[in-house]
Every structure is written in C-alpha cells, then in structure tokens.
Amino acid sequence: MKIVAIDHVQLAMPAGEEAAAQAFYEGLLGLPRVPKPPHLEARGGCWFESDTVKIHLGVEQPTDGPFHPARKAHPALLVNDLPALVERLRAAGVPVRDDDPLEGYDRVYVDDPFGNRIELMEPHS
C-alpha cells in the first residue's frame, strides 16, 4: 500500500460567495470552474479543476462566530511565469507577499477572497 497522489485540496469559504471564488480562482489564477455533482451542489461552494490541479471550496458554517480562513495551512501551486501572474494579481488589487527564499524556487503568497493563504511557486530555470 502507498499513497500515489493528491486528488484535490479542499478549502473553506463562507456561504453565498461563489462569485468571488470564481473571480479569483478562475478569473485570476486561471483554474476553470467545473460543475459539482448534483447531490453536492445543494451544499454550496464550488470546484476549480485543470488537468493537474483540483481545488474545491466548501461552505463552512462556523458555530462560534464569523468565518475563519486557513491562515497557516495552505496549498502551494506550481506556476509558469510567476512574474506575469504576480502582475495580474496586483493589477486586480490582490496583495502579494514575498517570503524567505526556498532553495530552487521563486515564491509568493496571496490570500483568496476569504483569507485562505495560497502559495504560488515557480522552479528556478
């Protein structure tokens, strides 16, 4: 027995914010929105998938107050042409944060519209 891959990453979002999720994940990051299976659609949220990356956003209904995003836990997405993506994100008003260097990579962090941390990485050529 062995683990062979990650099928998808699930992130949380507040109810009713699917349009904001689509504007960020599809509009800025370029991950196409795909339909959720009908039996899961009623739960809200949305899925974004390419041939190699799957990010699913599920509605989280906090019981202890307002929605709390993941601030430390995060997916790290490998990208092509990180400078162009950073420029697109900044032009859309998305704050981009540099971090300590990681050997072999250029990388930055952004937050999705709900405050979930996303790492964007490009291997050095």
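Here are a few notes on helix packing and salt bridges in this predicted model.

1. Start with the two helices. α1 (residues 18-28) packs against α3 (residues 82-91) at an angle of about 150°, and their axes sit 11 Å apart. Angles over 145 degrees count as roughly antiparallel, so that is how α1 and α3 run relative to each other. Their crossing is right-handed.

2. Who touches whom there? On the α1 side you'll find F24, G27 and L28, and they meet L85, R88 and L89 of α3. Sorted by class, that contact has 4 nonpolar, 1 polar and 1 charged residues.

3. On to the charges: the count comes to 5 salt bridges. One of them joins the side chains of K54 and D7, at 3.4 Å from N to O. K54 belongs to strand β4 (residues 54-59) and D7 to the segment before β1 (9-13), so this pair ties together parts 47 residues apart in sequence. K54 itself is partly exposed, at 29% relative accessible area.

4. R107 is worth a look. R107 forms a salt bridge with D99, with the closest N and O atoms 3.2 Å apart, and another with E119, where the closest N and O atoms are 2.9 Å apart. The E119 pair links distant parts of the chain, since E119 is in strand β8 (residues 117-123) and R107 in strand β7 (residues 105-111), 12 residues apart.

5. Burial around R107: both E119 and R107 are buried, with R107 at a relative accessible area of 16%. D99, at 38%, counts as partly exposed.

6. Finally, have a look at R71, R97 and D111, which are linked in a network of salt bridges.

Methods: Residues numbered from 1 in each chain as written. Predicted model: local features only at pLDDT ≥ 70, side-chain atom pairs only at ≥ 80, totals over all residues. Heavy atoms only, no water. Axes fitted to C-alpha atoms, helices over the stretch in contact; angles between N-to-C directions. Helix = DSSP H or I, 4+ residues; strand = E, 2+ residues; numbered from the N terminus. Parallel < 35°, antiparallel > 145°, perpendicular 65-115°, else oblique. Left-handed = near helix turned anticlockwise from the far one by under 90°. Contact = heavy atoms within 4.5 Å. Nonpolar A, V, L, I, M, F, W, Y, C, P; charged D, E, K, R; others polar. Salt bridge = Lys/Arg side-chain N within 4 Å of Asp/Glu carboxyl O. Buried < 20%, exposed > 50% of the residue type's maximum accessible area, 1.4 Å probe, protein only.
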